[in-house]
Each structure stands twice: as structure tokens, then as C-alpha cells.
Amino acid sequence: MTTDEATKSEGEVQALALTERGEDITPAQDRGVLKIIKRPGSEDESPMIGDKVYVHYKGKLANGKKFDSSRDRNEPFVFSLGKGQVIKAWDIGVATMKKGEICYLLCKPDYAYGSAGSAPKIPSNATLFFEVELLDFKGEDLFEDGGIIRRIKRKGEGYSNPNEGATVEIHLEGFCGGSRFDCKDVKFIVGEGEDHDIPIGIDKALEKMQRGEHCILYLSPRYGFGEAGKPKYGIQANAELVYEVTLKSFEKAKESWEMDTKEKLEQAAVVKEKGTMYFKEGKYLQAVIQYGKIVSWLEMEYGLSEKESKASDSFLLAAFLNLAMCYLKLREYAKAVECCDKALGLDQDNEKGLYRRGEARLLMNEFELAKCDFQKVLEVNPQNKAAKSQISVCQKKTKEHNDRDRRIYANMFTKFAERDAKEAASKSRVGRAAEKAACEKGLKTPGAE
Amino acid sequence: MAVDELQAIIQRCQILEEADFKGEDFNLFLVAGQKCLEDGYAAQLLEVIQNEKNKVIIKNMGWNLISPLVRCIFMYKQEDDKREHCLRILDQLAQICNPKELFLGLLEQIEQTSGDQVCQTVMLLLQPLQTVLLKLQNKKAYSVGLSLAMIMNQLTSLPVPYTKQQIQEDKLGLCQCCNAVVDFAKPFVNEVVKNMEKSEYDDMELKEELLKFCMKSLKYPLLAAQLEQLEGIEEHPFRHFATEIIDILWNIRELMPLVVLHHKGKSPCWENQEFADIERKNSADSLACLSYLMFVQHFGIECFPVVFSPAYLLLCNMTHIEVLLKRYSLWDLQDLFESSLLRMEDNSLLHDYLEFRDFINVPQDLVKIMTLCPMEHLRKKSLSILQLFIDKFDTEGKYTLFRCLLKTSNHAGVEGYIIKNIKDQIHLSLTKEYDNMWFTGHHLISLLDLVLSLPEGAETDLLQNSDRIMASLNLLRYLVIKDCESDNQTGVWTTLTKIEQNFLKPLRVGLNMSKAHYEAEIKNKKENRKEAHSSNTVCSVTVSGEKMPAMTTGMQLQVLHSALFTFDLIESVLARVEELIEVKIKAVMDENS
């Protein structure tokens, strides 16, 4: 090593090496991102687009000044690959890495923060140097609930996705326990896949796919055929499914703001019908989608004529009431209550609204509130027998609940007393007297939860 | 005498075993101790407490004295010796007493205080409370959480000083108190940090309590506080407080997830967002404040990763911006919006971002502020931010945004403004060589259909819509001048018949009708037959909720004349446009013949 090189900072040497020997990894081959592998990966697998990737990195400016390091923060940096979450150089660079690999990246401003820079650390038109280690990656959890995991095999074009109500043309293959049960080309409306024996998870996932995308979807039973299974394909209850889907093309449904009031009202009638059809078949998730459309179109619409406003209110009322019913069936009681509240906002004496809210609250163990609702139902319609019997259910439950509480607490207090007695064998009785005194002063003691 | 009584009870108890203290003894001790304090024998009481022989008694009974003690401390003046004695008693009690009972005693004092005394009491008791909490064996996390929650709840009732003078004066002591509370929390933060360093870390509880405290502090007082640097105040108390809160979040490793990661799972469709968990809704204000602190005021930005793309950060902030626009907490939030946008280069935001609800909702909210907000400077600021927002999008994004705003704004002034923007974009695509697909040819034609039309044909209220109509006419004039029929880059010449049918013709008819109507009205007024017609044309006017006095005939005439003037203006531009079209068509025909 010459003395000249020795005096140079490590960063400068690396940057120099990159400029001389770095591989141009930009698709445009404009030398915007240059890469050198410092340590090859341990496995041959690279992350796929959309994967959640875990990296450690260090970033320096051209003058060698460190501006950022995940190691200083003591935790790996996590992001979704290929989604524009990070600067372009990273989306390109990390995608080329293998698990365990460490590499250097030299990034031109166009692939980093450009002329705007990033206050306060990155000046305008800065070339950035990174050392990146790819620690791990895993498939994208589409709804953060582990229900649908996606791994993209081939990235789609552009960025736009089919929305709910879009017409899609897809090719799909469905697998369960390693054997293929479905393989077809099909055209349908997102949210109505059920009409073609396609589970709701595919509808949901399609809303996150792009034209031409080819991916594998791992569906939990909740997003698959659920408890009912699918006898037609010989699929048992609560089965995990794997689908391979290619989105060939799609045509978006109009966004709410693109539709005028007349169109919204016409469409509302159509989707209401559709929702009711799903509801009757017991496809509540699908029904929720249809009724939800009415809400999204009409809830915030303003500047309606009197006639339109009347029609709109009646659609909304029906939508909220039906949504409440669906959520009751889906055992999402809080949502059911929310929908009833909105229905009652439109018509405060609505019998169904009051009754369903009562039902939901009863199931949430809010007996007193439930009772109030059923009583209001009777005020509106004294003939409602169901409400009458529900009131007595409420009363019975309240009593049961109180009794149970009493038993539990009674037990608890005896238990506490026994335990305290043991503990306090050596301690003073006075201590407890003091605690009791504090309790009487109206303070919650930490011990009395 | 009080001291003698105290001595008596003390002596009686000294010979007893700890377990033999009776309820009666507690009462006697309390009464005697309280009397000592009230009669001014604090020094003697201190001696009793410091006496090693009495340690067991004080340990069990001392907590009783907290309430009278606090009362006394507030009674004495700052420099009084007795006050000093009382403070030392408090200190001693914190050292000696059973932590469990003393904790409750202290908390009770904080709970009972109100009004002007809140900060004083809190600051007085923070030190002993901390000492006691550090000694607690069980339920420590719960107790720390309870203390912090109680303190913050008490503080929340106080007004946040806003002006420089108010901050310097700090009349109720809030500024000082907030920073004292942070110091109070520090040992517990350190404990969490230490625990996290150990590999097996299972005590999430304390961490959660601290997180709750930080979230609360962000909402109050920080969201309401003035956080700009103030000249002449070296250590701005709220800036200091903000730094400390962010430090805590950073130290317990919650900062990053709050600012960025919470967004990751969010889908762009609103159904999911609407039913997103309530917790998130509740914390929306706090999170927005946090974003403001980091991205506008640059607190804690030094530990923020510098690899995120600006568009993604804008996306993260958009949720907060929307929340805060809706709450009309405009000033800071517009700053947040502005600073997020300034990180982007013009024309760099992909139109796909408009598929995120927030991106399409925020401009619509801005329009609402522009048209409905009573405060002029906010209306102006909204407008400037809307323009900034428009500028950042790529051409397709601008195109979509224009379409959306034209359809949703319901306000002729805004529509006129958008149309002017459309004209600028067409100008750019005609003069510059870049991606001009969206503002020429068939895309433009479909946009022009929207622009060059009258919402209700000839019956449209021309006066109400004059801004929009003038802008449309100007755009059309620009098009026919700039784009030769032979080039027809914009496609305007192909669609001329349609424009004539949907726009120019009804406009002409409308103008004639309106002018005739207003002229007749003026004639009527002049002939002093106002009663019969006034109700038709002049309605009552309310300005900021107050009804304006009825207009005099003179004023009414003035209004009518200015309306006529507007019509004349429209008519003259319309005539010019028609003339231009005619000339150009004729020129082409001449060439061809």
C-alpha cells in the first residue's frame, strides 16, 4: 500500500473502488447505482418484491462523513422492498442481494435525495455511500394479521391496483395440502369472487396487485373457505390454502368522486340487491363489501336535491341496518353497534336499528345498555314480542352476571385474605389497618384490582 | 401542649412491638402530629421523626401526616424556617415510611389539589413520590403509570402559556412543572433501558406506562404549545420538554414504530381505515404532534433513518395532516404539510399516490378551508399549499387532481383557479418537450369537456359562476391563439362544435337573458317600485353570523350595475374568442381554396 492510499479515509477508498470496479445495477445502465459485494451471502435466495426485509447499514457522504447507521441505533432497519418506501438506489440494490450478503453501494443523487436533499443531514445533489448487510426477509403480510401472505414472483406494471368493484381477468391455481383443486382463467368483479368459487382472500389480495403481477398467496382459513369449507372442491373446514395468481388485466370501478349523484343512486340500488343476495346465502363478508359501497358513495354526498336526498337517506339507512346485521353474524359486535348508531342518526326511532343495537350490546355483555335499546323498541312498537323477551333475557343475564361477579369476588377476597394472612404472619396487623384507612378515603389501592 | 401529647403517644408506642400498634394509636398520633404542625412546632416534630428510636413508629404511622404537612407548607412563606422544617419532615417521611401507604398518601394529595395550586403541589411531591416508587416492591409499573396519569390529568386542566411573555412569566408554573415531571420519570426510563439490554426482557408493563405518558404529553401540552424558537429565551421550556419526551421515546425504542411503522400495514382503502382500532384514533393527535416535532422542528431527527424516500415520508405524514386539517389545528400542521412537500422535487410525486385516500382527501379539505374558513390568512395559506401540492405531482397526477377538484369543489372561485392551472399545464406541454400526453390530445379533450361547459346550460347563474366562466373563456382564448388549426396539438379544433354547443351558445343565450333581466330590474328600481320585486332579487345577507342591515335602494342599484358590468366583461371576452375562431377558420379555408 502506498503512503498516499494510507492517508485516505476508508470511505474514500471504498468510494473510489466502487467507481472503478463497481457493477452498474441500474436497469437504465446509467451508473446511478454501483455495487461491490464485500461478503457473499450464505444462501442463494434473494428477497422478492414486497418482502419485508431486515438490514443493517451505514451511510456516508462523499466527504466521508457518516450521516446514519442502523448499528448506532442498535436495531435492524426494516422496510418493504420495491415499494418506493426507501430511496431508489436501495430498492434496486437490496433486491440484488442474497441473504447474509454485505455489499457497498454508491448512489448518485438521482437515485437518492436529488436536488431537494433531505434536511437536515443530506445536502442538495449529494452522492451517497452505503454499506448494507441483508440479515433476513420474509413474505409480505398483506393485512398485518397473518391472514394473507404474499410473495411476488413477477412484478406487475405501474402502480395502480384494482379497487373494490373493479373488473379483473386473472389466471389462478388453488392448492390445498399440496394438491391442486382449482385451475382456471376467470373474469369477475372484485368483491364478488364468491360467484366463481373464489375465496374472499383473493378479492382482498387483488386490491393490492398490479397489472401483470404473478404471485403466490398463502391464505389462512379466515380468508379461505372458513368453517364451511368447500365441498365442491373437497375442502374441509378451516383449511389453509395456497393460490398462485396472475392478474392479467383489470378495469377500475369508478371512484366515488368520479360519479355524479344520479349514477351513485342508480348503482346503490344494484349493489343493495347484490348485497342482499350474498346475505341470504350466508356470505356475510361479501355482503359487507356491497353494502359498504353504498356508504362510501352516499355518506358524504352533499348538494342533493330534496328528492335525491330522500332516496340517498333511504339507501344509507338500509345499508347501515344490513351492515349491522352482517356484523352481528360475523360476531363483530362493536362494528355492528357503530352501524346501528349511524342508522339511528338517520332515523332515531328505527325499530330494526334499535333492536340490532340491543342484540349487539347484549352479546358484548352490556346488559343495561341493551335493555335500554329493547325498551326503546317497545316504545316505538309495543307489539314487538321479540324485544319483550330480549328484555327479560337482559334482566336474567344481569342477575347471573352479578351473581357470578359476587361469587368470583367472594372467592377472590377469601383468597387474598388467606394469602395476606400468610404474608403478614411476620408483619404487623397495623399495616393492614393503615391500608384499609387509605381505602376508605376513596383511593383506589393498587392491590384491589 | 401539642408536643407533649405527641411525646406521650410516642413513648407509649416505643415499648410496643410493631404488630401491636392499634387503630387507636394511629388516630392519636395523627391528631397530635397535626396539632404540632398547626401550632408551629415543626422543628420539634422533625426531631421526633429523626430520632432513631422512633423509626418503627414513623415507618408505620408517618404517612398519616402528609395531608396536614402539605397544608402547612403552603401556609408558610418561602423563607420561613418552619417551612424548611416541614420540607425536611417530608423528606424524612419519604425515606422512612412504608412505601405502599405513603404512595397512596402522596397520590391522594395530588388528586385533591386543583386550580392554581396544581403545579405547586405536584412539584412539591414529585421528589418524595419518586423516592417511594423506587422503593416499591410490587406493582411498581402500575404505580408509576398511575402517578404519571394522575399528574398529567391534573395538569391538563391548566391553560398552556403561548406568548413569549406568558412563557417567561409562567404564572401557574406549568412550564417548570412539565420539565420536573420528565425528571421524575427518568429513573424509570433508565430502568426500562437497562432491562431491554438484558437478553430476556419480559417487563413490558413499565415501558407501556411510559409510552402512555409520552403520548399524553404530546397531546397536552405540546400540541397546544408554541414551539418556535423565541428570541431572548435561551432554554425554551416547551422545546426542552419536547426534546426530553422524544428522548424517552427513543430510549425505550418506541420512536421509530410510532413515526413510521404504524403506517406499514395500512391499506389505502378507507373501509379498513375507518374501522381501524380506536386506540389509533385516540392517539392521532399525539402522533401528528410527534411528526410535527420531528419533521418541522427537527427534534430527534438525528436518530431518524436517512434512507426513506421523500414520497414515503409524505405518505406517512399525510394521515396526520388530514387528521389535523379536520380539527382546524391549522397552523402547525400546514407547516408539517409544507415541510413534507418541500422534501419532494416538483413533478416527482407519482399519480398512484392519489389512490391513497389521504392524498385525495387532503386537497379537498384544503378547498373546504379555502372556501369556508372565516380567517383570511388561513384561506390564503390553504391556497398556497394546494398549489404546492399540485406542483409536486407528475402530469397524470395533476390531471387526476384537477378532475377531482373540478367535480368536488362546488365553488366557482376554486374552479376558476383550477382552470387557470390547467391552462398553465397546457402551456407547459405546448412549449416544452416533455411528457405531454395528459394535457394534449384525447385526455385533454375529456378534461375540456368538464371545463368548457355550463353546469345548468343557459340557465346557469352567470354571476355566481363568473370566476369560472372567465377562466374557461381565457383558457379557450389561449388555446385558439396558441394552437394552430393545422397543428391541432391540443385537439381543441376537433372538438370545436361540441364546445360551441355546450358552452359558447348557452353562454350567449344566458348572457342575453341575464342582461335583460338585470336591466329590467334596474329600471324597476329606478321607477321606485321596489316592494314588489325586492324580495325576488335581494335576499338578506349574513356576514360571520350577523345579519347585515337591509340594503338601500341606492346600494341595490349599485350591486345591479356591478353585475351588469361583469356580464359586459364576459361578453367582451366571449366576443373576442368567437372572433378569433372565425378568423382562424376563415384563414384555413382561404388557404385550402
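The sulfur of C183(A) lies 15 Å from the closest cysteine sulfur, that of C215(A), which is too far for a bond. A disulfide is a covalent bond between the sulfur atoms of two cysteines. Under the rule applied here, two cysteine sulfur atoms within 2.5 Å, the count over all chains is zero. C183(A) is partly exposed, with a relative accessible area of 37%, whereas C373(B) is buried at 8%. Buried means under 20% relative accessible area, exposed over 50%, and partly exposed in between, for a 1.4 Å probe and protein chains only.

The model is predicted: local features need pLDDT of at least 70 and side-chain atom pairs pLDDT 80 or more, while totals for chains, interfaces and linings use all residues. Residues are numbered from 1 along each chain, chains are lettered from A and ligands numbered from 1 as written, and side-chain values use heavy atoms, without hydrogens and water.

Helices are DSSP runs of H or I with at least four residues, numbered from the N terminus. Beyond four places in sequence, F130(A) has contacts (heavy atoms within 4.5 Å) that include W90(A), Y57(A), V306(B) and V307(B).

T400(B) belongs to helix 22 of chain B, residues 395-408. A polar atom of the T400(B) side chain lies 2.8 Å from the backbone oxygen of E396(B). Apart from neighbours within four places in sequence, T400(B) is in contact with W257(A) and L354(B).

Terms used: Helix = DSSP H or I, 4+ residues; strand = E, 2+ residues; numbered from the N terminus. Polar contact = N/O pair within 3.5 Å; in protein donor to acceptor, adjacent residues only side chain to side chain.
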